[in-house]
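Subject: Structure handover

Hello,

Here is the structure I promised to pass on. My notes on it follow below.

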Amino acid sequence: MPLVYYVSDLEKNGTLDAERLLRLLGLSGKLSGFYYTVYMLEQVQEKPECILLITKRLYRQTAQHFHTSSGCVPAEISPKNSLLKR
């Protein structure tokens, strides 16, 4: 099913960043792991090869960025505890 997003004339020239996209999909910044997910999406957008080493590199990089342990990052955004299931 395709996602359709209508934009106003004011927004047409703006960029759709990861945080805005997640909020348009109905996710809130109050959800656990929301900002981890935003950061990871931005990293994958900049360097698509990051998705290939998601557990070995991207989780660790995200943990370092947020000054937490790498074990915390996957627990928050793993498919088992997915933000979309909440």
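Start with Tyr39, which sits in helix α2. Bear in mind that this is a predicted model. Tyr39 has a relative accessible area of 12%. That is under 20%, so Tyr39 counts as buried.

What is Tyr39 in contact with, leaving aside its neighbours within four places in sequence? The partners are Gln61, Thr62, His65 and Phe66. With Gln61 there is a polar contact of 3.4 Å, side chain to side chain. His65 lies 26 residues away from Tyr39 in sequence, yet their C-alpha atoms are 8.8 Å apart in space.

Next, helix α3, which covers residues 54-65. Its buried residues include Thr62, one of the contacts of Tyr39. Leu58, Tyr59 and Ala63 are buried in α3 as well. Just after the helix comes His67, with a positive phi of about 55°.

In soluble globular proteins, nonpolar side chains tend to be buried together. Here the largest nonpolar core has five residues: Ala18, Leu22, Leu27, Phe34 and Val38. Helices α1 (18-24) and α2 (34-46) each give two or more residues to this core. Take Leu22 as a way in. Beyond its neighbours within four places in sequence, Leu22 is in contact with the core residues Leu27, Phe34 and Val38. Its contacts also include Thr37 and Leu41.

Best wishes

Key
Residues are numbered from 1 along each chain as its sequence is written. This is a predicted model: local features need pLDDT of at least 70, side-chain atom pairs count only at pLDDT 80 or more; totals for chains, interfaces and linings use all residues. Side-chain values use heavy atoms; hydrogens and water are left out. Buried means under 20% relative accessible area, exposed over 50%, partly exposed in between (1.4 Å probe, protein chains only). Helices (H or I, at least four residues) and strands (E, at least two) are DSSP runs, numbered from the N terminus. A nonpolar core is a set of buried Ala, Val, Leu, Ile, Met, Phe, Trp, Tyr and Cys residues joined through side-chain atoms within 4.5 Å. Contact means heavy atoms within 4.5 Å. A polar contact is a pair of N or O atoms within 3.5 Å; within protein, one must be able to donate a hydrogen and the other to accept it, and residues adjacent in sequence count only if both atoms are side-chain atoms.
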